[in-house]
Amino acid sequence: MHIHGYAWLGEKQTLDKESIRRPPPAQAPTMHSPAEVADRYRQAVAEFPATDVPPLQTAHWLIKPATVIRGTWEESKEAGEWLGLQLIEFAPRFASAQDREVTRLVLLVKSAVERLTWGGDVSLGHYLNGTAFHSVALVTCSPNRSRPELSCPLG
């Protein structure tokens with residue numbers, strides 16, 4: 001097992017577009033499907049694989065192209081260090097003063113390392129000052145505990 005890291009910084013408005021955060025359904029809509037279902041399917045086929053917007057399910061990062069991976073680690077402690085650096089970098093911009101508290105950030109990293117050790121995934125998101133959102137995820141691979149059927153994007 002290894003761990004991939006993903007990060008995204010963007011407008012909350014983009015994150016709210018649920019259609020680009022869901023992979024296309026396994027089966028294409030039929031000609032009898034409502035038009036909005038067919039439109040949603042076309043949008044998902046075109047946008048989901050091409051965007052680095054966080055998916056609704058953390059394990060679905062593994063469906064994204066390998067180019068969106070920000071780091072890969074064999075050890076959960078190393079992945080946790082990267083997570084800590086992400087949090088430290090963006091914490092001054094967190095909209096919530098509570099989310100900026102150092103003790104809270106340390107506990108988030110410690111909890112993440114523990115979860116990764118047993119094969120769980122980690123997904124964190126914070127609103128930033130203004131209208132921005134920062135998302136960071138650590139996803140176990142080969143296999144993923146919650147979605148073992150998903151293959152590793154690195155082959």
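Visitor: Which residue is the bridge partner of E11 in β4?

Guide: Two strands pair if DSSP finds at least two bridges between them; strands are DSSP runs (E, at least two residues), numbered from the N terminus. In this predicted model, E11 has A132 as its bridge partner in β4. Strand β1 (residues 2-11) pairs with β4 in the antiparallel sense over 10 bridges. Strand β3 (residues 122-127) also pairs with β4 in the antiparallel sense, over 6 bridges, and H126 stands opposite H134.

Visitor: What lies between β3 and β4 in their hairpin?

Guide: There are 4 residues between the strands, and G130 takes a positive phi near 90°.

Visitor: Are the residues of β4 buried or exposed?

Guide: Buried means under 20% relative accessible area, exposed over 50%, and partly exposed in between (1.4 Å probe, protein chains only). In a regular strand the side chains alternate between the two faces of the sheet. In β4 (residues 132-141), 10 of 10 residues are buried. Both faces are covered, with V136 and L138 among the residues on one side and F133 and V139 among those on the other.

Visitor: How many salt bridges does the structure hold?

Guide: A salt bridge is a side-chain nitrogen of Lys or Arg within 4 Å of a carboxyl oxygen of Asp or Glu. The structure holds 4. One of them joins R104 and D99 at 3.0 Å, N to O; R104 is partly exposed at 33%, whereas D99 is buried at 16%.

Visitor: Which conventions apply?

Guide: Residues are numbered from 1 along each chain as its sequence is written, and side-chain values use heavy atoms, leaving out hydrogens and water. As the model is predicted, local features need pLDDT of at least 70 and side-chain atom pairs count only at pLDDT 80 or more, while totals for chains, interfaces and linings use all residues.
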